[in-house]
Amino acid sequence: MIRTVAMVAACAALIGCAGDGSRPSGAAKSAPEQAGGQSKGPGIGKGYSHDPFPSTYRAYPGVPTLVTNVTIFDGEGGRIDRGAVLFRDGKIAAIGQSLTAEAGVTVIDGQGKYLTPGVIDIHSHLGDYPSPGVDALSDGNEATGPVTADVWAEHSVWPQDPGFGRALANGGVTTLQILPGSANLFGGRSVVLKNVYARTMQGMKFPGAPYGLKMACGENPKRVYGSRGRQPSTRMGNVAVDRQTWARAVEYKRRWDKYEKDGGEPPARDIAMDTLRGVIEGEIRVQNHCYRADEMAIVMDMAKEFGYRVSAFHHAVEAYKIADLLKANDTCAAVWADWYGFKMESYDAVPENLAILEKEGACAMIHSDDANGIQRLNQEVAKARASALRSGFDISEEKAWKWLSYNPAMALGIADKTGSLKPGKMADVVLWNGNPFSVYTRPDMVWVDGALLYDAKDPKRRPVSDFELGQPGEGDVK
Amino acid sequence: MAQDVAITNAKLVIGDGSAPVEGGTVVVRGGKVAAAGRGVAVPAGMQVVDAGGRYVTPGIFAGFTRMGIVEVDAVGPTNDASAGNALFNAALDVAPAVNPRSTPIPINRAEGITRAVVAPEASKGSIFAGQGAVIDLRSDLHPVSRPRAFQFMEYGESGAQLAGGSRPAAVAMLRNIIAQLRDFARNPASFAERGKDSFLTRADAEALTPVVQGKVPLLVHVERASDILVLLDIKRETPALKLVLVGATEGWTVAKQIAAAGVPVIANALTDLPVSFEQLAATQSNVGRMQAAGVLVGIGTINDDEARQARLEKQYAGNLVALTRVPGATGLDWNAAFAAISSKPAEALGMGESFGSLRPGRVGDVVVWDGDPLEIGSLPVKLFVDGVEQPLTSRQTRLRDRYWTPTEGALPKAYQR
């Protein structure tokens with residue numbers, strides 16, 4: 001919260017935040033001072049607002065809560081049997097074998113239940129491709145050109161998507177990244193949301209989470225644009241357009257860096273290039289749709305050529321073939337458990353993808369890309385773990401939970417805030433009514449920032465989006 | 001090939017909704033179940049498999065798929081599900097298109113699927129998609145158990161689009177075809193000269209005649225409650241129709257009417273999002289509530305990766321069991337959940353006498369599992385189709401073995417087999 005307030009204040013000081021953005025706000029004052037004197041820019045990173053649509057998310061009130069006698073996966077690979085977790089004021093306060101309840105603390109007996117960090121889905125299109133899936137609400141692909149780094153997924157998010165509620169109640173999902181689609185090489189910016197309904201996108205926006213840039217390899221961009229008789233129509237065309245675009249971004253960054261440092265006439269603003277500059281700067285994380293091993297290897301070399309890093313390859317069906325290479329490049333793979341064969345580049349899927357990545361020490365995680373799959377990511381990890389065990393790689397349940405919360409938090413740049421049950425972190429917590437690696441288990445209670453937002457026993461703690469109000473099935477268990 | 005086997009010492013699931021029995025035996029003779037239960041004697045000289053107390057069940061009967069007619073969905077030449085430029089619709093027969101060597105077959109077999117309902121996909125111009133089949137997942141070149149097992153039709157939003165743009169257009173098309181079929185029955189020769197502009201070609205009329213006579217079931221994809229009631233009205237007007245509802249996401253809201261009409265349903269198990277305006281009442285309790293109202297319900301994969309992921313039906317069925325612990329939800333108990341992926345979809349097609357359970361006389365599709373078949377991670381350790389043991393490997397197991405250590409050894413990966 002404090003961080004958000006600080007950013008709002010900073011924005012207010014830079015009066016141009018809500019302005020046209022073409023002229024850096026700080027320049028108005030500094031330019032006259034530079035006349036005749038030593039040249040001085042507005043300062044690094046201060047040439048234009050980096051947060052024009054700031055988060056207005058506020059945690060809902062919660063009560064200090066102690067869950068006792070419960071099996072805990074802490075999200076970072078740790079496990080406590082018959083343990084306890086205390087959270088208050090929206091944060092994890094303590095975790096241990098046994099904690100004593102102070103006065104005023106609500107105590108929940110977790111006998112036979114499991115407590116985990118909330119699930120984090122690094123790849124969702126909820127809000128951008130919401131239910132109902134009608135054309136009028138399909139806002140996920142700006143498929144009008146292969147380079148649309150200027151679009152931001154957050155500007156398409158419909159916060160009334162019923163899918164958010166399903167992901168919370170059935171899936172225990174507390175944080176999710178909404179990405180543009182994969183029609184384009186540069187699809188646009190992603191946004192990270194807390195899975196808490198709000199009237200506005202800003203009201204769901206995860207405070208302080210870095211932005212991502214969605215990129216795509218392979219079949220989709222070449223098919224979409226090749227079918228229109230324009231570049232790219234091949235994989236080599238994909239890389240050619242990528243490199244030309246990155247070359248422009250490097251030049252754009254050079255000019256803006258110089259201006260922010262030295263002042264003078266500000267360079268022309270380019271909204272797409274702002275995002276790519278942010279990537280090279282390390283402020284924005286590349287989330288790269290890419291299936292095939294050979295293409296991922298090319299992308300990692302391209303990233304080195306232009307001075308950026310791929311945070312994670314998404315879908316990454318063939319990541320297992322280059323687990324060593326991914327590890328060496330400090331790049332994660334976000335994958336499905338068992339999708340295969342729906343397109344040529346998914347032909348070589350194996351259910352041991354996560355197992356091989358983990359065995360080789362690469363960073364790996366589950367993802368959904370699907371409004372149904374997001375409701376059962378725990379089961380997807382259970383499948384991947386079962387495949388690992390069957391093939392002779394022994395990974396414990398508590399370690400496998402990293403694929404659901406800590407690793408995606410790392411790849412999103414929010415692991416200091418959420419993704420594990422460490423004191424001081426956001427109290428994003430799921431109490432499951434059994435072992436979450438079993439098909440017979442469902443969330444019992446879900447807290448986001450310590451606020452109880454789903455309780456299976458309480459119909460009043462079950463979200464109903466505006467769209468579903470007054471419709472058949474309103475407020476049903478779903 | 002030997003089609004006789006006895007499996008003993010089983011936690012035996014018949015698949016008809018009854019509870020598992022410990023210490024059970026199933027005897028398959030000549031490819032058919034001869035007997036199954038406790039105290040069943042093993043005929044002398046028959047091959048015996050000791051299940052060691054493991055679950056033994058009928059093979060999964062996948063209630064609605066497009067398995068075997070699609071290799072890669074997005075690679076057109078490998079996809080025989082629909083034919084947008086064909087001259088025919090109801091006449092289209094998926095049977096010759098089924099390729100038992102397509103990769104989804106071994107992948108699904110290795111997960112316990114032994115039979116599948118394979119439906120064609122409708123194309124613009126007609127609500128009728130064509131004639132579906134029931135296939136087996138044997139590792140041989142004869143996959144079709146029942147060709148022309150049913151006719152598949154679209155109603156609701158997709159039927160409306162296919163018929164020209166509205167539900168009335170779809171209903172008019174259906175009624176017109178029923179009327180024309182009477183003409184065809186009276187004078188088949190009059191259909192010989194019909195061109196492609198006719199509403200009903202001779203070939204399509206020949207395919208639809210057994211449907212209106214009630215000899216072949218009519219599977220209709222429908223989701224909205226009011227659309228379901230329209231179909232029940234048509235069934236009332238044409239009582240011979242063997243109507244089966246496919247999808248029926250809002251079925252729970254009119255479950256009593258469906259049950260009263262005696263119309264079975266093949267439904268997705270877990271559809272819970274209002275993905276269209278005809279599925280606003282979607283809930284995972286749909287199957288449980290319909291069953292509780294007396295509807296015969298089997299599970300299928302309707303527009304749900306149906307060319308390749310029928311194997312997920314086990315997980316879906318397990319989720320319906322999970323629902324029984326969620327207040328306000330209606331799920332299925334374990335026995336009913338297993339029946340929903342074995343005997344129930346077979347019965348919905350009127351084929352319960354042949355497929356879907358280990359009652360005597362049914363096909364000898366038997367699976368020995370390494371755990372609870374509805375639990376995640378359980379897999380077959382032995383699988384028989386028509387009493388013949390089947391391989392459980394696939395391209396996926398080969399790729400896994402090649403890349404278990406991703407780096408190259410003494411030679412490139414291409415030499416590692």
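Which residues does B:Val26 touch, not counting residues up to four places away in sequence? They are B:Ile7, B:Ala10, B:Leu12, B:Val33, B:Ala36, B:Val56, B:Leu358 and B:Val366, where touching means that the C-beta atoms, placed from the backbone, lie within 7 Å.

Before going on, a word on how to read this. This is a predicted model, where local features need pLDDT of at least 70 and side-chain atom pairs count only at pLDDT 80 or more, while totals for chains, interfaces and linings use all residues. Residues are numbered from 1 along each chain as its sequence is written, with chains lettered from A and ligands numbered from 1 in the order in which they are written.

Back to B:Val26. Together with A:Ala333, B:Leu245 and B:Val265, B:Val26 touches the most other members of the largest nonpolar core, which has 262 residues. Such a core is a set of buried Ala, Val, Leu, Ile, Met, Phe, Trp, Tyr and Cys residues joined through C-beta atoms within 7 Å; buried means 20 or more other C-beta atoms within 10 Å of a residue's own. In soluble globular proteins, nonpolar side chains tend to be buried together.

Now step back to chain B as a whole. Chain B has 11 helices and 16 strands, counted as DSSP runs (H or I, at least four residues, for helices; E, at least two, for strands) and numbered from the N terminus. The radius of gyration of chain B, taken over C-alpha atoms, is 22 Å, close to the 22 Å from the globule rule (2.2 Å times the number of residues to the power 0.38) for 417 residues, so chain B is as compact as a globular protein of that length. Of those 417 residues, 57% count as buried.

Chain B splits into domain 1 (1–58 + 357–417) and domain 2 (60–355), with bounds from an automatic or database domain assignment. Where they meet, 31 residues of domain 1 are in contact with 29 residues of domain 2. On the domain 1 side of chain B, β5 (55–58), β15 (380–385) and α11 (395–403) each give two or more residues, and β15(B) gives the most, with three.

Chain B also meets chain A, in a contact that takes 44 residues from chain B and 47 residues from chain A. On the chain B side, α8 (313–323) and α11 each supply at least two residues, and α8(B) gives the most, with five.

Methods: Contact = placed C-beta atoms within 7 Å. Buried ≥ 20, exposed ≤ 12 C-beta atoms within 10 Å, placed from the backbone.
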